[in-house]
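User: Hi! I have a protein model open on my screen and would like to talk through some of its details. Could you take me through them step by step?

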Amino acid sequence: MNKQPFQFKQFSVDQTGCAMKINTDGVLLGVTTNADNPTTILDIGTGTGVIALMLAQRFIEAKIDAVEIDADASRTAERNFKASSFADRLDVYPFSFETYFDQFPENKYDLIVSNPPFYISSLKSPGAKKTLAKHTDVDFFEKLIKCIANHLSANGFCWLILPVTLTDVIIELGANLSLYPQKVINVHSFTHSEAHRVIICFGFSKVLVQITKFTIYKSVGVYSEEYQKSLQPYFIPF
């Protein structure tokens, strides 16, 4: 039985056919991503389309393209886009980012975001869709960072959410292509717990990196004020 769509303040998200459901990683990337009035945005691996929809709500002048390799998920994202008030600014393409850029080699973006698969060399999950959605190898990130470097506008930014263990690898891959960290947000479940995710903003300028901390919970089952304030424009309970 299909569950009811996840209702946000300005849009809803049907998750039918998507192996990767709406999760904290995705919405955190959606709220922390920032850019200077971007007019073109690309969401790589859009899944349900939730991050693209969040960015469409915030950046009201932006045209947003989204790519999703899983055919069922891409159809779901397309339905979510068409059902939203931002439909005229959202498009989804049902193939890999490599295929997308092969078809649109001239496309450049002011903002690129991705909540990528990240279980490098780990045990594959039993479900084929989840395997596709959550598992990858180092060569995937080499291709991803290369495509981002080639299709990010000169003053553009790329935002990624990653496990802590992948951070150094991705920063090194970026540096090889003149993409450098601009901001780093260490994500913690609780104030005194170790960071379990890192959100990194990349750009082409070498700058003094701004490092901050984001805490999700105040106590078990209770969201922090920071989390609630960040999600307030989107989540109905906040």
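User: What is the average pLDDT of the protein chain?

Analyst: Keep in mind that this is a predicted model, and pLDDT is the predictor's confidence on a scale from 0 to 100. Of the residues, 91% score at least 70. The average for the protein chain is a pLDDT of 91.

User: Over which residues is the pLDDT under 50?

Analyst: One such stretch has 18 contacts beyond four places in sequence in the model, and another has 25 contacts beyond near neighbours in sequence. Where pLDDT is low, the predicted coordinates should not be read in detail. The stretches in question are residues 119-126 and residues 128-135.

User: Are the rings of Phe6 and Phe8 stacked, tilted or edge-to-face?

Analyst: The model has 19 aromatic pairs. For Phe6 and Phe8, the ring centres are 4.9 Å apart and the planes meet at 40°. Planes under 30 degrees apart would count as stacked and over 60 as edge-to-face, so the angle here leaves the remaining class. The Phe6 and Phe8 pair is therefore tilted.

User: How are the rings of Tyr93 and Phe104 arranged?

Analyst: Their centres lie 5.4 Å apart, with the planes at 65°. Tyr93 belongs to strand β5, whereas Phe104 sits in the loop between α4 and β6, so to follow the chain from one to the other you cross 11 residues. Since an angle over 60 degrees decides the class, the Tyr93 and Phe104 pair is edge-to-face.

User: Which buried residues does helix α7 have, and on which side do they lie?

Analyst: Helix α7 spans residues 167-175.

User: What do the buried residues of α7 pack against?

Analyst: Their partners include a helix, α6, at residues 138-151. Two strands complete the list, one covering residues 152-163 and the other 195-203.

User: Which residues are linked with Lys63 in a network of salt bridges?

Analyst: Lys63 meets Asp65 in a salt bridge at 2.8 Å, N to O, and Asp91 in another at 2.7 Å. The Asp91 and Lys63 pair links distant parts of the chain, strands β5 and β4, 28 residues apart. Asp65 is buried at 8% relative accessible area, while Asp91 is partly exposed at 33%. The residues linked with Lys63 are Asp65 and Asp91.

User: In which helix do Asp72 and Arg75 lie?

Analyst: Their side chains meet in a salt bridge at 2.4 Å, N to O. An α-helix has 3.6 residues a turn, so residues three or four places apart point the same way. Asp72 and Arg75 are 3 residues apart, about one turn. Both lie in helix α3.

Key. Residues are numbered from 1 along each chain as its sequence is written. This is a predicted model: local features need pLDDT of at least 70, side-chain atom pairs count only at pLDDT 80 or more; totals for chains, interfaces and linings use all residues. Side-chain values use heavy atoms; hydrogens and water are left out. Rings of Phe, Tyr and Trp (its six-membered ring) pair if their centres lie within 6.5 Å; planes under 30 degrees apart count as stacked, over 60 as edge-to-face and the rest as tilted. Helices (H or I, at least four residues) and strands (E, at least two) are DSSP runs, numbered from the N terminus. Contact means heavy atoms within 4.5 Å. Buried means under 20% relative accessible area, exposed over 50%, partly exposed in between (1.4 Å probe, protein chains only). A salt bridge is a side-chain nitrogen of Lys or Arg within 4 Å of a carboxyl oxygen of Asp or Glu.
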